[in-house]
Amino acid sequence: MKAVTVDHIVKTYGKKKAVVALNDVSFSVEPGELFGIIGPDGAGKTSLFRLLTTLLLADSGSATVDGFDVVKDYKAIRNRVGYMPGRFSLYPDLSVEENLNFFATIFNTSIEKNYELIREIYVQIEPFRKRKAGKLSGGMKQKLALCCALIHRPSVLFLDEPTTGVDAVSRKEFWEMLKGLKEQGITILVSTPYMDEAGLCDRVALIQNGRLLSVDTPSAITAGFANPILAVKANRMLYLLNRLKEADFTQDVYPFGEYHHLVLKKGKRPEDVQHWQNDQEHLMIEPIKPDIEDCFIALMKESHA
Amino acid sequence: MPEKVITADKLTKRFGDFTAVDQISFEVEKGEIFGFLGANGAGKTTAMRMLCGLSMPTSGAATVAGFDVYRDNEKIKRNIGYMSQKFSLYDDLTVKENMQFYGGIYGKSDAFIKNKTAYILDELHLEKEAHVLVRSLPLGWKQKLAFSVAVFHEPGIVFLDEPTGGVDPVTRREFWNMIYQASDSGITVFVTTHYMDEAEYCNRVSIMVDGRIEALDTPGALKQQHEARSMDEVFLKLARKAKRGEG
């Protein structure tokens with residue numbers, strides 16, 4: 001049985017259904033998978049999570065979580081999923097310990113019973129267990145929210161943008177925690193606007209404007225990149241960018257950290273760039289493997305074309 | 001000698017016995033794109049608030065656009081632009097009204113506002129959306145408009161606080177193109193970001209750890225000094241040294 005199935009889901013907002021948040025979305029998630037929903041703000045990630053956690057109704061289509069229908073069996077689903085919304089949603093005037101106790105109690109369980117599951121995360125905030133949740137730092141709030149979402153030992157965990165606005169170090173730590181949870185057999189759906197986090201998932205769905213651009217393992221997505229791609233660098237980067245935009249071998253070119261990524265038209269080869277008549281100083285060209293961000297950019301532009 | 005748009009000399013801010021910003025010293029030149037990096041809680045926001053004239057330093061000295069942060073903080077506010085991901089435009093005003101509002105706040109003439117509004121609408125291809133509420137614009141457009149509004153009054157320096165958070169990869173690059181153009185026209189850009197690839201686009205980058213500036217140089221030099229292949233690695237090496245938690 002699949003942990004999650006989504007079948008031709010459509011969700012619109014507004015009187016005239018003017019805003020299409022999810023446009024015929026279908027995919028499924030295997031039990032125990034760490035599944036990433038990758039896309040920018042406004043792509044439809046939160047609507048999707050709210051539908052699957054039975055907090056929102058779709059216009060059409062169907063979905064199941066743990067074999068239960070999100071509409072008919074919403075009560076069963078609520079008992080077995082954990083949900084960490086993008087916005088901090090704990091009680092700021094309760095202490096760390098009180099919040100955790102509260103969530104354990106409403107799910108008819110206790111902290112002691114499921115302590116093993118949260119131990120690694122909870123020990124980091126336990127020194128502050130008497131502190132009010134509203135007075136915690138951002139990173140500690142996030143850890144407490146994760147503990148509260150886990151305390152009833154859910155079979156499927158939904159994390160909506162847990163790393164947004166979080167610095168690179170804390171983001172790495174958070175993904176370490178997810179790996180630990182995955183080892184305990186929990187299915188995890190996690191959304192993020194950071195393309196570089198895709199590689200940490202078993203499979204990912206790339207989403208933009210309510211449509212799925214691709215669903216696959218990160219390596220299969222990057223392997224599917226059809227054109228040759230190069231990293232290029234020269235002394236004057238902005239000048240290089242503008243010249244490359246005009247070159248006849250260029251399919252697309254854009255800044256990418258220290259380099260520009262140059263996507264060649266099909267049939268063009270790195271040698272064509274080497275023989276390019278130009279006045280660039282210290283031109284460096286290196287064939288590379290595309291990463292998820294390259295694929296996302298290509299898929300985005302394809303879907304607009 | 002190049003003109004210094006920002007100077008900070010042992011700039012410090014304490015809250016009670018907590019030193020949020022601990023004697024930071026640096027200078028930013030005219031037209032420079034200066035990346036201001038640091039982990040959550042390192043003191044970036046507090047430092048930025050002092051430089052924007054919104055928070056009085058405890059000690060040390062600083063000037064922004066030639067004005068002293070203690071004495072001339074009102075003048076600083078008039079001579080800088082500011083944009084953050086969290087707050088920038090009024091959702092319930094139209095695109096045009098937002099520009100008129102900001103132009104008015106900064107005391108620009110009607111003629112200036114009219115010309116500049118037309119110029120920006122053309123530049124961003126937003127002529128058709130001039131009378132649309134900002135609320136209904138896609139996020140990427142909003143961020144680009146927000147940047148244009150932040151430099152509407154032609155300030156010498158603009159502060160950008162995580163301007164590209166959550167923005168799609170194509171728009172993120174269009175946004176940086178606007179930053180390059182602003183810098184080309186002589187506007188100094190002071191920017192914070194959590195995207196380490198964007199740190200590479202800056203002329204110089206500073207990295208704050210526990211209230212202090214631990215590193216400050218060009219991305220290339222920082223990578224060399226820390227024997228790192230990317231700015232991401234440099235950042236991780238430095239930020240992992242942090243002893244204090246998030247503030």
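**Close-up 1. The buried residues of helix H5 in chain A pack against strand E6 (81-84), helix H3 (96-106), helix H4 (115-122), strand E7 (156-160) and helix H6 (168-183) of chain A.** Like the other views here, this one shows a predicted model. H5(A) spans residues 138-150, and its 13 residues reach 19 Å from first C-alpha to last, close to the 18 Å expected at 1.5 Å a residue. How many of those 13 residues are buried? The count is 10, so to speak a mostly covered helix. Among the buried ones you can look for Gly139(A), Gln142(A), Lys143(A) and Leu150(A).

**Close-up 2. Four strands of chain A form an open sheet in the order E12-E13-E11-E14.** The pairing is antiparallel.

**Close-up 3. Strands E11 (residues 229-233) and E13 (residues 259-264) of chain A are joined by four bridges.** The two strands run antiparallel. Find Ile229(A), and opposite it in E13(A) you will see Val263(A). Helix H8 (residues 237-246) of chain A lies across E11, E12 and E13, running at about 165° to E12(A).

**Close-up 4. Chain B meets chain A through 30 residues of chain B and 26 residues of chain A.** On the chain B side, helices H6 (169-184), H7 (196-199) and H9 (231-239) each supply at least two residues. The largest share, five residues, comes from H6(B). By class, this side of chain B has 14 nonpolar, eight polar and eight charged residues.

How values were computed:
Residues are numbered from 1 along each chain as its sequence is written. Chains are lettered from A and ligands numbered from 1 in the order in which they are written. This is a predicted model: local features need pLDDT of at least 70, side-chain atom pairs count only at pLDDT 80 or more; totals for chains, interfaces and linings use all residues. The expected span of a helix is 1.5 Å times one less than its number of residues. A residue is buried if 20 or more other C-beta atoms lie within 10 Å of its own, exposed if 12 or fewer, and partly exposed in between; C-beta atoms are placed from the backbone. Two residues are in contact if their C-beta atoms, placed from the backbone, lie within 7 Å. Ala, Val, Leu, Ile, Met, Phe, Trp, Tyr, Cys and Pro count as nonpolar, Asp, Glu, Lys and Arg as charged, and the others, Gly among them, as polar. Two strands pair if DSSP finds at least two bridges between them. Axes are lines fitted to C-alpha atoms, for helices over the stretch in contact, and angles run from 0 to 180 degrees between N-to-C directions.
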